[in-house]
Amino acid sequence: MDDATSIRDLYRQSGHRFARHYLAHVRAHASDFAILEAEHANILAAMDWCYRAGDASSLIEYADAVGNPVEGFLCVRGYWDEAVDYGQRALETAQQMGDQE
């Protein structure tokens with residue numbers, strides 16, 4: 001294994017850990033919007049990583065947790081554009097997976 005492969009693997013592993021950490025954080029504090037507001041940028045960065053890395057299941061979980069139109073953080077706090085954007089990304093990713101639900 002060469003250095004470039006090692007660096008790519010390390011990047012992917014650390015990105016996956018970052019995304020899973022913030023997904024657990026979102027789940028644990030789903031109704032505590034003050035805590036989620038403080039981590040807003042990191043939550044979006046984790047969702048971006050999931051999208052770029054093709055981590056469809058995590059992206060869909062994020063979109064469901066924070067983009068839910070009734071009780072999701074992004075919608076309740078008025079981040080409508082972000083909720084729509086990440087919802088569309090999750091839908092696109094689900095369709096690519098063949099999961100139409």
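**Exercise 1. Decide whether Cys-75 is buried or exposed, and find out how many disulfides the model has.**

*Solution.* Start with accessibility: Cys-75 has a relative accessibility of 6% and so counts as buried (buried is under 20% relative accessible area, exposed over 50%, partly exposed in between, with a 1.4 Å probe and protein chains only). Cys-50 is buried too, at a relative accessible area of 1%.

A disulfide is a pair of cysteine sulfur atoms within 2.5 Å. The cysteine sulfur closest to that of Cys-50 belongs to Cys-75, and because it lies 18 Å away it is too far for a bond. The count is therefore 0 disulfides.

A note before we go on: this is a predicted model, where local features need pLDDT of at least 70, side-chain atom pairs count only at pLDDT 80 or more, and totals for chains, interfaces and linings use all residues. Residues are numbered from 1 along each chain as its sequence is written, and side-chain values use heavy atoms, leaving out hydrogens and water.

**Exercise 2. Describe how helix 3 and helix 6 are arranged, and which residues meet.**

*Solution.* First, the geometry: the axes of helix 3 (residues 40-53) and helix 6 (residues 80-97) come within 11 Å and cross at roughly 25° (axes are lines fitted to C-alpha atoms over the stretch in contact, with angles from 0 to 180 degrees between N-to-C directions). The two helices are therefore roughly parallel, a label for angles under 35 degrees.

Then the contact, meaning heavy atoms within 4.5 Å: His-40, Leu-44, Met-47, Asp-48 and Tyr-51 of helix 3 meet Glu-82, Tyr-86, Arg-89, Glu-92 and Thr-93 of helix 6. These residues divide into 4 nonpolar, 2 polar and 4 charged.

Notes:
Helices (H or I, at least four residues) and strands (E, at least two) are DSSP runs, numbered from the N terminus. Angles under 35 degrees count as roughly parallel, over 145 as roughly antiparallel, 65 to 115 as roughly perpendicular and the rest as oblique. Ala, Val, Leu, Ile, Met, Phe, Trp, Tyr, Cys and Pro count as nonpolar, Asp, Glu, Lys and Arg as charged, and the others, Gly among them, as polar.
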